[in-house]
Amino acid sequence: MARTAPRQPVSAAERGGAVLAFLDTALDTLGSAVGPAVDDEVFAFRCGPTIVRIRATSARTGELRPFSHLPTVTPRTATHGDPELVVHVCDGPFPGADGRRPPSGFHRVRDARTFVAITDGPAIVDGLRSSEGRAISWIEDVAHAPPYTRFRPFAEIFSAWFPAVRMLLLHAAAVGDADGVVLLVGNGGSGKSTTSVLCSQAGLGFLADDFCLLEPGARPRVHSIYRSAKLRGDSAGRVPDVHAARGDRVDDDHYFLVDDDATIASAPVRAIIAVRPAPDATAAPRLEQVTRDESFRLLLPTALKVASGGDAAYRFWLRSAHAIAESIPAYTLDLTWDTARVVDLVREALR
Amino acid sequence: MTPEPTGGDRWLQTRPADLVAETLSDETLVIDTATGVFFSLRGVASVLWSLLERTAEHEELRAAVRERFTDAPSVDADVDAFVAALEADGLVVESDAPRAGAGASASEWPESYEPPVVKKYDDMADLLLVDPIHDVAAETGWPERRPDNR
């Protein structure tokens, strides 16, 4: 009887190579006549010094609503050499794969040329070729797109691309006005979104509730990317005028869009506040300045997604966070449901 | 606790994989991307780290500091403790020989002797390690971690 050789286990490197090769094929195809061309450009917007162009052969235009507050750019507009990212948005059969499906399971792989994130249930592929500034965002069945793809679209792609143009996607909220904003940082569930929505309702401009783009420098600036916000059930019940559509509530999370005219697109960073629930919920909210070292440690996790940009992005973020901690005052804010006082303390930090 | 005496003729080097280090003014920052732990190196530690990035003999580290700060007390013990701390956290490993291509210039020495100090911060490890695909909740997406990975 013939004996078959034992099957060799596939190494992580081999799996990663296969994932990267799969995406390469798709991006090559999208670069030819088969893929979306300039005529398929459905929306383009300016994000700080960069331009993001969306080309679509898909019904996923609903995903573009979170960007509607940003300055728009028309197709073929001269951009004076500003960095550009082109995102090809598609659904249905995976383009350029000759009927093959993306590898199943979760994959997140990068090499010097390409970044790709694949997930399934539903099948989603976000891929980027940084050097060309071209990306693909594919969902097999748009009817089953999870809310985060509609309210925070292309976050994987943005986090991988922006470090290549000296910007970083931060996990932070930001509120203020065009003269300056306060960055609200903290772990998930610490109160960033609630604080930013409360401040917005009290008249401060809304720049971000969870993700914004940092442009480091002598005067660091942040740029809005999404006008979406997400509140957990307990907050959504306490914050007035928050109405998430039924389909935009998942488990305990309520997703919604902030009105265009309540947003600001860009501003210098004037202060950093690390928010956290007060140990005593019945006490008054408290704002306390922290040292440079404490500020640096509070800031570090906020660019946690820079891992998508590789080691160079980590180094870039270390230098940037260090410089910000040196130059921008930072505070902790113990939150309670005395919301008027919370807003007053944010305004105090802005002054 | 007094560190164990370490040999004077061992080749040591910074761990080749999963470390990102950046020296900024008087401090070297190191992130272990495999564990999410962050380290701050101060004093003469930045110079010692740069020597270790090139690969160095243990005794060479002591001698470099003694030569620069001839009046400093306890240099050998300080360097030994520093190396022991780096090894304990896996930031430095033994090496068979100098690395090929070694020879980058060392960081600048501080004006006066400050013992090499390494401070470890693991309170942000979970956040630094969150993987937007593997660890996130299926419905809410990154950065919400999957319930089974909390």
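Mentor: The bounds of a domain, as the word is used here, come from an automatic or database domain assignment. The model before you is a predicted one. For chain A, the assignment gives domain 1, covering residues 12-165, and domain 2, covering residues 168-350. The centres of these two domains of chain A, taken over C-alpha atoms, are separated by 26 Å.

On one side, 21 residues of domain 1 of chain A take part, and they are in contact with 29 residues of domain 2 of chain A. Within the side of domain 1 of chain A that touches domain 2 of chain A, the helices α2 (147-151) and α3 (155-161) of chain A each supply at least two residues. The most comes from α3(A), which gives five residues to that side. By residue type, the side of domain 1 of chain A that touches domain 2 of chain A consists of 13 nonpolar, four polar and four charged residues.

Seven of them form an open sheet of mixed pairing, and its order is β1-β2-β3-β7-β6-β5-β4 (chain A). At the edges stand β1 (41-47) and β4 (107-110) of chain A, each of which pairs on one side only. From one strand to the next, the twist averages 10°.

Opposite Leu29(B) stands Ser40(B), a residue of β4(B). The hairpin of β3(B) and β4(B) has four residues between the strands, and in this hairpin Gly36(B) takes a positive phi near 80°. Strand β4(B) is also joined by five bridges to strand β7 (residues 117-121) of chain B, and these two run antiparallel. In that pairing, Leu41(B) stands opposite Val118(B) of β7(B). As a guide to viewing the strands, in a regular strand the side chains alternate between the two faces of the sheet.

Methods: Residues numbered from 1 in each chain as written. Chains lettered and ligands numbered in written order. Predicted model: local features only at pLDDT ≥ 70, side-chain atom pairs only at ≥ 80, totals over all residues. Pairing = 2+ DSSP bridges. Axes fitted to C-alpha atoms, helices over the stretch in contact; angles between N-to-C directions. Contact = placed C-beta atoms within 7 Å. Nonpolar A, V, L, I, M, F, W, Y, C, P; charged D, E, K, R; others polar.
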